[in-house]
Amino acid sequence: NDYQPNPALLKANADAPPVKETLVSHLLKSNCPVTNQPDWASVQIRYTGPAIDQAALLNYLIGFRQHQEFHEHCVERIFMDLLTVCKPSKLMVLARYTRRGGIDINPWRSNFSLSKMPLNARNARQ
């Protein structure tokens, strides 16, 4: 398999009524563009809009396995690909990466009206 992000894998059911849901995967992995070390993350996708095909989303996320990009850029790419292809009216993508060098890196992107940032509590994988 070619483990690179491929937005063509994403699908949403535009004919069904809109849904509000939060999807979580612990399978996001990319590689640091400087050191080529693996970066594992739990990703949370909260959205309102056409139902996103969960199997297609999983295939898309697994496509990052050999991709080299900084954490923040991966989250931005996921956000923009979902927004462009699946067309949710509201979308938030949050990634909680495993710590390297004692530093938490938890980038997020949202078009929800937020009065504050998402809770920055560590999960068990961090």
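Q: What makes tyrosine 60 count as buried or exposed?
A: Tyrosine 60 has a relative accessible area of 0%. Buried means under 20% relative accessible area, exposed over 50%, and partly exposed in between, using a 1.4 Å probe and protein chains only. So tyrosine 60 is buried.

Q: Before we go on, what sort of model is this, and how are residues numbered?
A: This is a predicted model, where local features need pLDDT of at least 70 and side-chain atom pairs count only at pLDDT 80 or more, while totals for chains, interfaces and linings use all residues. Residues are numbered from 1 along each chain as its sequence is written, and side-chain values use heavy atoms, with hydrogens and water left out.

Q: Why is the pair of tyrosine 60 and phenylalanine 64 called what it is?
A: The search of the whole structure turns up 1 aromatic pair. Its ring centres, in tyrosine 60 and phenylalanine 64, are 5.5 Å apart with the planes at 85 degrees, so the pair is edge-to-face. The rule is that rings of Phe, Tyr and Trp (its six-membered ring) pair if their centres lie within 6.5 Å; planes under 30 degrees apart count as stacked, over 60 as edge-to-face and the rest as tilted. Phenylalanine 64 is buried, at a relative accessible area of 0%.

Q: How do you know that glutamate 76 and arginine 109 form a salt bridge?
A: Their side chains come to 2.7 Å, N to O. A salt bridge is a side-chain nitrogen of Lys or Arg within 4 Å of a carboxyl oxygen of Asp or Glu, and this pair passes as a salt bridge. Glutamate 76 lies in helix H2 (residues 71-86) and arginine 109 in strand S6 (residues 108-110), so the pair ties together parts that are 33 residues apart in sequence. Helices (H or I, at least four residues) and strands (E, at least two) are DSSP runs, numbered from the N terminus. Glutamate 76 is partly exposed at 32% relative accessibility, and arginine 109 is partly exposed at 30%.

Q: How many salt bridges does the structure hold?
A: The structure holds 3 salt bridges. Among them, arginine 77 and glutamate 69 have their closest N and O atoms 3.0 Å apart. Arginine 77 is partly exposed at 31% relative accessibility, whereas glutamate 69, at 13%, is buried. Aspartate 104 and arginine 99 also meet in a salt bridge, at 2.9 Å, N to O. Aspartate 104 is partly exposed at 29%, and so is arginine 99 at 32%.

Q: What makes strand S5 largely enclosed?
A: Of the 8 residues in strand S5 (residues 90-97), 7 are buried, so the rest of the structure largely encloses this strand.

Q: What makes isoleucine 52 buried, and what is it in contact with?
A: Isoleucine 52, in strand S4 (residues 51-52), has 5% relative accessibility, so it counts as buried. Contact means heavy atoms within 4.5 Å. Leaving aside neighbours within four places in sequence, the contacts of isoleucine 52 include Lys11, Leu57 and Cys86.
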